[in-house]
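Work through the exercises below with the sequence and the coordinates at hand. Each task is followed by a solution in steps.

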Amino acid sequence: MNALGDRFAPEFVWGVATSSYQIEGATTEDGRGPSIWDVFAARPGRTHRGHDGAVAVDHYHRWRQDVALIDQLGLDAYRFSIAWPRIQPEGAGAVEPRGLAFYDRLVDGLLEVGIEPWPTLFHWDLPQALEDAGGWPRRETAERFADYAEIVVDALGDRVRHWTTLNEPWCAAFLGYGSGVHAPGRTEPAAALAASHHLHLAHGLALERIRARRPDVEVGVTLNLYAVSPADDTGRHDDAVRRIDGLMNRWFLDPILLGRYPQDVLDDVAGVGGTDVIGDEDLTVIGAPVDFLGVNYYTRHVVAAGPWPGSAEVEFVSRDWPKTASGWDIDPEGLGEVLARVRRDYPPVPIYITENGAAFDDVLGVDGRVRDDDRIDFLRRHLTVLADAIEDGVDVRGYFAWSLLDNFEWAEGYRKRFGIVYVDFETLERTPKDSAHWFGALARQTAKERR
Ligand code: FCB
């Protein structure tokens with residue numbers, strides 16, 4: 001069907017991704033405690049039209065159907081996240097067996113049909129009790145995360161081979177505690193920096209504990225990386241590029257892959273506060289080798305120096321460029337740049353693209369089809385760049401499309417559809433879009449020997 005498929009090795013992992021709060025619903029069932037997203041969404045004006053994840057797409061009850069969908073598409077792996085407040089409703093101490101049992105069933109259900117489970121331990125739904133105690137700006141939250149990781153790995157580690165500690169600590173720290181557009185909605189720059197360090201520490205402590213319990217599994221972390229380029233070639237904006245690349249990419253890549261924070265960023269944020277929580281010993285824990293790096297790629301940032309010469313101000317420049325329904329520039333070349341830089345600047349590490357995808361204004365036709373050619377084009381172009389990168393020698397071993405299902409897109413509520421499967425948010429009926437069929441065919445072509 002598609003020469004693109006021939007460019008990926010038979011062992012390349014094809015998957016789809018979701019996250020707990022975005023799809024599960026059932027937020028008060030089986031002993032689940034409140035998460036920061038339940039509390040945040042209930043506050044006026046925080047999410048589009050006050051949308052929340054109380055029902056989401058009801059995956060908690062419909063997971064068998066969702067597993068069947070992944071199976072029908074012929075994919076190899078399913079990246080989902082585990083809701084910490086289902087496992088420890090108070091974020092510490094007592095374990096809720098019904099919460100663990102849900103993921104236990106899900107893992108078995110996936111394995112029964114030959115789909116590899118790829119759980120992420122933290123995709124933003126922090127137990128509210130831990131936020132009440134101070135949240136990620138507080139060091140103890142990292143320690144609680146390691147306890148929680150151990151509980152989950154003890155329960156599922158006999159069947160789950162790949163574990164991801166965190167999803168996008170940049171968002172959890174800087175959107176959650178800096179700009180406040182995500183839960184818990186705090187706007188405290190020093191707290192945001194402290195949160196980012198404690199997220200790193202949480203990753204490192206969990207990695208240590210998981211390795212101690214199950215030396216046979218692979219552990220990684222997922223970062224959202226961006227291509228960053230200047231508004232023009234005059235050189236005037238190079239420092240803006242350095243700053244934004246520093247805060248969005250290197251602040252996360254460096255501690256995890258090099259065991260240190262970038263000195264220029266430390267200098268940039270010296271006046272902000274929050275970095276006094278960084279201990280030297282922490283960096284040894286944080287920088288312990290990972291088995292893989294998860295990369296989420298969506299877009300590029302084009303930046304310019306602010307109007308005041310010599311000031312630290314940076315402007316994000318909007319280009320006249322094709323965009324997704326999220327307003328993000330469609331920039332597949334940026335994925336190639338991100339991968340090339342990880343290879344150039346860091347020690348060798350296997351990479352999985354753990355998210356890539358796009359929101360478009362999909363319409364379910366009267367004939368029951370969703371003709372999302374724009375999404376197919378988006379996926380095809382990014383996968384073409386990915387194939388180029390692999391042929392150039394970047395060690396990328398898998399690709400997870402974001403997302404399996406249309407879902408609760410955080411502050412955007414249900415108005416942004418990222419799924420390759422359409423969901424009618426009234427009836428919760430699922431309809432694979434044309435992109436799902438296209439993506440499944442591509443995966444099956446590549447993986448024909450296996451499934
Ligand atoms: C990423 C998140 C994911 C989803 C996509 C669109 O930042 O990890 O949950 O919201 O963006």
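**Exercise 1: an aromatic pair**

Tryptophan 251 and tyrosine 261 are both buried, where buried means under 20% relative accessible area, exposed over 50% and partly exposed in between, with a 1.4 Å probe and protein chains only. The model is predicted: local features need pLDDT of at least 70, side-chain atom pairs count only at pLDDT 80 or more, and totals for chains, interfaces and linings use all residues. Residues are numbered from 1 along each chain as its sequence is written, and side-chain values use heavy atoms, with hydrogens and water left out.

Task: Classify the pair formed by tryptophan 37 and phenylalanine 408, and state what parts the pair ties together.

Solution. 
- Step 1. Rings of Phe, Tyr and Trp (its six-membered ring) pair if their centres lie within 6.5 Å; planes under 30 degrees apart count as stacked, over 60 as edge-to-face and the rest as tilted.
- Step 2. The structure holds 38 aromatic pairs.
- Step 3. For tryptophan 37 and phenylalanine 408, the centres are 6.1 Å apart and the planes make 80°, an edge-to-face pair.
- Step 4. Tryptophan 37 lies in helix α3 (residues 36-41) and phenylalanine 408 in the loop between β11 (396-402) and β12 (421-423), so the pair ties together parts 371 residues apart in sequence. Helices (H or I, at least four residues) and strands (E, at least two) are DSSP runs, numbered from the N terminus.
- Step 5. Both tryptophan 37 and phenylalanine 408 are buried, and both belong to one aromatic cluster, whose members include Trp124 and Tyr414.

**Exercise 2: phenylalanine 8**

Task: Decide whether phenylalanine 8 is buried or exposed, and list its contacts beyond four places in sequence.

Solution. 
- Step 1. Phenylalanine 8 sits in the loop between α1 (3-6) and β1 (13-17).
- Step 2. Its relative accessibility is 5%, so phenylalanine 8 counts as buried.
- Step 3. With neighbours within four places left aside, phenylalanine 8 contacts Trp14, Leu383, Leu386, Ala387, Ile390 and Thr446; contact means heavy atoms within 4.5 Å.

**Exercise 3: the whole chain**

Task: Compare the radius of gyration of the protein with the value for a compact globule.

Solution. 
- Step 1. The radius is taken over C-alpha atoms, and the globule rule is 2.2 Å times the number of residues to the power 0.38.
- Step 2. For 451 residues a compact globule would have a radius near 22 Å; the protein has 21 Å, which agrees.
- Step 3. Buried residues make up 61% of the 451 residues.
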